[in-house]
Amino acid sequence: MSTQTALVRAQDLRKRFKKTEILHGLNFEIQPGRIVGLIGHNGAGKTTTLNALLGLTDCEGSISVLGKDPYAERAALMNDVAFISDVASLPRFMRVRELFDLVEEIHPKFSREKANGFLQGTDIRANAKIKNLSKGMVAQLHLAVVMAIDARLLVLDEPTLGLDITYRKRFYKRLLEDYMNEDRTLLITTHQVDEIEFMLSDLMFIRDGYLVLDSPMDEVGERYTQLNARNDSIDAAKALNPVYQEAKFGQNIFIFDGVDKDQLAELGDITIPTVSDLFVALMQRDNETQGEAI
Amino acid sequence: MNQWNENQPIFVQIRSQIAALILNEVTAEGEALPSVRQIATDLSVNPLTVTKAYQSLVELGAVEKRRGLGMFVAQGARQNLLAHEREKFLKDEWPRIYAQIQTLDLDLEKLINKGAK
């Protein structure tokens, strides 16, 4: 993919609060048509990164979104970018149709017709007061509003926090069905990464203000291998420099980065690690001395 | 919760599911297959993953992409797929199965009679 077409490009992105630096020079690109998962612990810098990208905070280094500097050209950028914050709220005193009136007035690319369409099949009525809606319904309403904006980039920060599994599934199905196409890009942060693992086309892990992984999903599957090693192969497995190892339930689990899969298959059962297994592995890598876990 | 097995990339598993539609003649030659968007939504997977699965079937001559209309089962798709799957079975799976039959000292004729029941 050509770097010319990147939708988002960050170079040496740094953020300091007083004397503490919390983003330590991130470099990444996001291409159009992708669904990117930005995964990290609380306080790792996820929301700060999103804020930089949305022009909500001033940073050192450079970041461009759709060719614009988000901090300097925030208003122009918001024509093409939609966002649900993890602390998002809708005006509780309004009715649903009044909310649509408001958004129609302030956003040139909002389609009321589309928003109404998204509410069909839900229990949300146009006359309902927002304060009387359940948490799941508010999330549905919020999604209906942002999806009705013809944006090229949609940023969702923990969009399904506090929702039950039925609503979460419906939320993501909606996105795939009605929002995604090859010109549109989705950036999601979430803790419930298992649920969206197969939706993602790209995976970014952020830890303590550093990007520790930034890769297309299919390359993740080629690069990383999880091995459940036979008892007589444990030493051989350790000799291949696993990035993670763990003994549980009498099983010896290893994760390898860039080791030949055929070679590993001779030592036991190999699988592609899930994103959450990989997350645990890469987030602990520096803190634990290798070999201690077993 | 997880409908996938961890040994194969997802696109390979989706490819097998589409291939099964053709092999079992659920969708006949010349008929339309589910759209990329529909499969992506139904399975909650990335549309690019579905596209990749379709692409590999297009390369095998099992599926044809008609511009603006979607994916269709190609003429001769079943034969092409069968030939491909047979070859794959004989090359990748049969040697392992044969070795296991010998290890277990199984009688081939009894096995075949058992399979036919």
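Tutor: Let us begin with a definition. A residue is called buried when its relative accessible area is under 20%, exposed when it is over 50%, and partly exposed in between. Please also note that this is a predicted model.

Student: Which residue of chain A is buried yet has no salt bridge?

Tutor: A salt bridge requires a side-chain nitrogen of Lys or Arg within 4 Å of a carboxyl oxygen of Asp or Glu. Glu197(A) is buried and has no such partner; Lys261(A), the nearest side chain of opposite charge, is 12 Å away. Glu197(A) is placed in the loop between α7 (193–196) and β8 (202–207) of chain A.

Student: Which residues does Glu197(A) touch?

Tutor: Leaving aside residues up to four places away in sequence, Glu197(A) touches Met217(A), Pro273(A), Thr274(A) and Val275(A).

Student: How is chain A built as a whole, and how many helices and strands does it have?

Tutor: Chain A has 11 helices and 13 strands. Its C-alpha trace spans about 70 × 40 × 35 Å along the principal axes. Of its 294 residues, 49% count as buried.

Student: What do the contacts say about positions in the sequence?

Tutor: One takes the contacts in chain A between residues at least 6 apart in sequence; 70% of these join residues at least 24 apart.

Student: How many positive and negative side chains does chain A have?

Tutor: Chain A carries 34 positive and 44 negative side chains, and the centres of these two sets lie 8 Å apart.

Student: What can side chains of opposite charge do?

Tutor: Side chains of opposite charge can pair when their charged atoms come close. Over all chains, the count is 19 salt bridges.

Student: Which side chain meets Asp80(A) in a salt bridge?

Tutor: The partner of Asp80(A) is Lys109(A), with an N to O distance of 2.7 Å. Asp80(A) lies in the loop between α2 (74–77) and β5 (81–84), and Lys109(A) in the loop between α3 (96–106) and α4 (112–119), so this pair ties together parts of chain A that are 29 residues apart in sequence.

Student: Are these two residues buried or exposed?

Tutor: Asp80(A) is buried because its relative accessible area is 15%. Lys109(A) counts as partly exposed, since its relative accessibility is 32%.

Student: With which residue does Arg112(A) form a salt bridge?

Tutor: Arg112(A) forms a salt bridge with Asp101(A), and their closest N and O atoms are 2.7 Å apart. Arg112(A) belongs to helix α4 and Asp101(A) to helix α3 of chain A, so the pair ties together parts that are 11 residues apart in sequence. Arg112(A) is partly exposed at 22% relative accessible area, and Asp101(A) is partly exposed at 37%.

Student: Where do Arg223(A) and Asp257(A) lie?

Tutor: The side chains of these two residues, Arg223(A) and Asp257(A), meet in a salt bridge of 2.8 Å, N to O. This pair links distant parts of the chain: Arg223(A) is in helix α8 (residues 217–223) and Asp257(A) in strand β12 (residues 251–257), 34 residues apart. Arg223(A) is partly exposed, with 35% relative accessibility, and Asp257(A) is partly exposed, with 26%.

Student: Which residues are linked in a network of salt bridges?

Tutor: The network joins Asp12(A), Arg14(A), Arg16(A), Glu21(A) and Glu60(A).

Student: Let us turn to the backbone. Which residue other than glycine in chain A has a positive phi?

Tutor: One such residue is Glu158(A), whose phi is near 50°. Glu158(A) is found in the loop between β6 (153–157) and α6 (165–179) of chain A, and counts as buried because its relative accessibility is 7%. In chain B, Asp105(B) also has a positive phi, of about 55°, although it is not a glycine. Asp105(B) is in the loop between α4 and α5 of chain B, and counts as exposed at 68% relative accessibility.

Student: Finally, which residues make the nonpolar surface patch?

Tutor: Leu104(B), Leu106(B), Leu108(B), Leu111(B) and Ile112(B) make a nonpolar surface patch of about 450 Å². Leu104(B) lies in the loop between α4 (77–103) and α5 (108–116) of chain B, and is exposed, with a relative accessible area of 54%.

Key:
Residues numbered from 1 in each chain as written. Chains lettered and ligands numbered in written order. Predicted model: local features only at pLDDT ≥ 70, side-chain atom pairs only at ≥ 80, totals over all residues. Heavy atoms only, no water. Patch = residues over 30% accessible without salt bridge, like charges linked within 9 Å, V, L, I, M, F, W, Y side chains within 5 Å. Areas by Shrake-Rupley, 256 points an atom, 1.4 Å probe, with all protein chains shown as cover. Helix = DSSP H or I, 4+ residues; strand = E, 2+ residues; numbered from the N terminus. Buried < 20%, exposed > 50% of the residue type's maximum accessible area, 1.4 Å probe, protein only. Contact = heavy atoms within 4.5 Å. Lys, Arg positive; Asp, Glu negative; His and termini not counted. Charge placed at Lys NZ, Arg CZ, Asp CG, Glu CD.
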